[in-house]
Amino acid sequence: MIAKLVQTALRGMIEANRAICRIPIARDVMKRAMKSGEAVIPFEPHIPANSDGVCVYINVPFCRSKCTYCYLNTSIYTEERAKPYVEAVKREISLYKAKLGDIELGDVYFRGGTPSILWEGVIDILDHLRSNFKIAGEIGVKVYPGDVNEEMCDALLDAGVSRVNIGVQSFDDELLKGMNKRYDGDTAIKAIELLVDKGFYTTTKLLIGCPGQTVSSVSSDLKKVIETDLQQIYTLPLLILPNTAWGVQLAKGKIEFPPAREVVEMWRTTFDLLLSNGYETRAALYFKNKKALGEREYLTGHGHPFVIGMGVETESTVPPTLTGYANTFSFEEYIKAVNEDRFPVMMGVSILNQRQLENIYRLAGLLLGIDGKDVERRLNVLMDPNLYTDLRIDKEEFEERTGAKTEEVLGNLSFLIPFLLFPLKALRIIEEDSEKIKINTDVINRIVA
Ligand code: SF4
């Protein structure tokens, strides 16, 4: 019953996404939205004094060609554009150094675009980052299959990069041509093999629902990737936006996508095949060797609660003041702003300042019958994704970090916890014993399947 509902909802979402592209003004609206992202406004990022552990991701907005499904604000790589960009990112790092002081960064990730096109520039930026901050976490880089070779791998390893994300999308040559990729399936497989062989923790991304794709081509792609023994696979649904080449063709009726029913079948095949080959899953992410994954699932820059994005078209989120801001989408505005020693922010909000936040903690403390400082401490622990590694809370560790037992964490209102947990326990989604509280992944997987 639940599976049927999930499948119907999925089909509905796929059809709705395609319908949006057929609306005549959708493309113009999308273009205007992108244009509005070009401004630079005076906004001082509000970041707490001690920001140890903040993750950083850096956007490298250059590619070899424009992919037919890509909605990102990237441009074709030329040395004349890349050189000043590398220098501008280094200036932005220096602006943050003046603001953050001697803090220790968590994970660092180079996103794109295609950072591997200018891997020497990436290493230059990394050296500058290291000369300003200590990097306590891991370093990851997104790479393009056609760029992967021994020289690049060795240089990245020497620079301390331990994780790579290779966006393959498919190994089917016809599908790759349709996406306007500059590599074929064999090149992609060889690139993955080399990365795994060199010892990088390697992630790849496969797209589901592309024109010409069938259940059997998805299955063949998965079998190829399984053979490479790589550790992590994202299987992403194709989202078509009106301002992409595929979005335009769809609006003109010049391209056919697989029926939504078949796309849902592709998802089911993916799930069955990867799980029966030793992968575990969390939503669209499949991974092997859970221990190596650990808390680093967040390395690709998504999902971490405290992230600073540098470069054009990046977003930053700063808890607990609920601050969020985004850098300009415009290459020219970005270079101009940092050269004038201004943060290149296009839009930002801080819902709370430090004083408002302290008042909220104090009030919550009164309600819960605990000290306001304890509210802050417990909340910080509860928001830390590392606490939920393995989808399991270790009761002893929880008590050590929050100063309260799991059943007492809400102070006076702790009597509510059994009511909140009861339905989840009754459905066997949550299991609890004297040592841990655990989410039952088998039940979740069955629902997803
Ligand atoms: S390589 Fe990635 S970022 Fe570049 S155009 Fe293709 S999808 Fe977009």
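Helices (H or I, at least four residues) and strands (E, at least two) are DSSP runs, numbered from the N terminus. The model is predicted: local features need pLDDT of at least 70, side-chain atom pairs count only at pLDDT 80 or more, and totals for chains, interfaces and linings use all residues. Residues are numbered from 1 along each chain as its sequence is written. By these terms, Asp229 lies in the loop between helix H8 (215-227) and strand S10 (232-237).

- Gly112 and Gly113 are joined by a cis peptide bond, with omega about 10°.
- Gly113 is placed in the loop between strand S5 (108-112) and H4.

**H3 with H4**

- Helix H3 (residues 79-100) packs with helix H4 (residues 119-132) at an angle of about 15°, and their axes are 10 Å apart; axes are lines fitted to C-alpha atoms, for helices over the stretch in contact, and angles run from 0 to 180 degrees between N-to-C directions.
- H3 and H4 are therefore roughly parallel to each other (angles under 35 degrees count as roughly parallel, over 145 as roughly antiparallel, 65 to 115 as roughly perpendicular and the rest as oblique).
- The crossing of H3 past H4 is right-handed; a crossing is left-handed if the near helix is turned anticlockwise from the far one by less than a right angle, and right-handed if clockwise.
- From H3, Ala82, Val86, Val89, Lys90, Ile93, Ser94 and Lys97 meet Gly121, Asp124, Ile125, His128, Leu129 and Asn132 of H4, two residues being in contact if their C-beta atoms, placed from the backbone, lie within 7 Å.
- The contact of H3 with H4 comprises six nonpolar, four polar and three charged residues.

**H3 with H12**

- H3 also packs with helix H12 (residues 331-339), at an angle of about 45° and with the axes 9 Å apart.
- That angle makes H3 oblique to H12.
- H3 passes H12 in a left-handed crossing.
- Pro84, Ala88, Arg91, Glu92 and Leu95 of H3 make the contact with Tyr334, Ile335, Val338 and Asn339 of H12.
- Six nonpolar, one polar and two charged residues make up the contact of H3 with H12.

**Val318**

- Val318 is in strand S14 (residues 315-318).
- Val318 counts as buried because it has 21 C-beta neighbours inside 10 Å; a residue is buried if 20 or more other C-beta atoms lie within 10 Å of its own, exposed if 12 or fewer, and partly exposed in between, with C-beta atoms placed from the backbone.
- Apart from neighbours within four places in sequence, Val318 is in contact with His46, Ile47, Phe306 and Thr323.

- Asp229 is not a glycine, yet has a positive phi of about 65°.
- Asp229 counts as partly exposed because it has 14 C-beta neighbours inside 10 Å.
- Asp341, also a residue other than glycine, has a positive phi near 60°.
- Asp341 sits in the loop between H12 and strand S16 (345-350), and counts as exposed because it has 11 C-beta neighbours inside 10 Å.

Technical notes
Ala, Val, Leu, Ile, Met, Phe, Trp, Tyr, Cys and Pro count as nonpolar, Asp, Glu, Lys and Arg as charged, and the others, Gly among them, as polar.
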